[in-house]
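Here is a structure to read together, question by question. Please look it over before going on.

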Amino acid sequence: MDPGDNPARPGPGVRLCALAEIADPGGKGFRFRVEGRIFAGFIVRKGELLKSYVDSCPHAGWPLATFDDRYLTRDAGYILCTGHGGLFTLEGQGATNPCIGTHLTPWPVAVRDGDIFTA
Ligand code: FES
């Protein structure tokens, strides 16, 4: 199913959190529920870099982090899917099996006055 068809996906302009609430480096997941559907997205931060994706691994569709917003590897060099250990670059490109050749789906966000909003 096209993730854009999910009624739980928030429209533009929804405040997600303050930028300061995301560790540097670190990540944070977000969940929205509407009519029994769930939309999951996450943001990773490393210095000036802020990237955001739909929280669904292209390998099996599982959320990437199962607890504690641990989306990044220990050295913050990659995004980690805990399902089967797939690694992605911070740009969302699959870097190891089983995710080579895949890409995380971008989830656009914008920073305004120190807060992060859906875009
Ligand atoms: S679900 Fe992500 S690597 Fe398998």
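Predicted model: local features only at pLDDT ≥ 70, side-chain atom pairs only at ≥ 80, totals over all residues.

Student: Which strands are the edge strands of the open sheet?

Tutor: The open sheet has 3 strands in the order β2-β3-β4, and their pairing is antiparallel. An edge strand pairs on one side only, and this holds for residues 26–34 and for residues 49–54. The edge strands are therefore β2 and β4.

Student: How many bridges join β2 to β3?

Tutor: Strand β3 covers residues 37–46 and runs antiparallel to β2. The number of bridges that join β2 to β3 is 9.

Student: Is Lys28 buried, partly exposed or exposed?

Tutor: Lys28 is found in strand β2, and its contacts beyond four places in sequence include Cys17, Phe42 and Asp69. A residue is buried if 20 or more other C-beta atoms lie within 10 Å of its own, and exposed if 12 or fewer do. Because Lys28 has 19 C-beta neighbours inside 10 Å, this residue counts as partly exposed.

Student: Which element gives the largest share of the largest nonpolar core?

Tutor: The largest nonpolar core has 20 residues, and among those that touch the most other members are Phe42, Leu64 and Tyr71. The elements that give two or more residues to this core are β3 and β4. The largest share, 3 residues, comes from β3.

Methods. Residues numbered from 1 in each chain as written. Pairing = 2+ DSSP bridges. Helix = DSSP H or I, 4+ residues; strand = E, 2+ residues; numbered from the N terminus. Contact = placed C-beta atoms within 7 Å. Core = buried A, V, L, I, M, F, W, Y, C linked by C-beta atoms within 7 Å.
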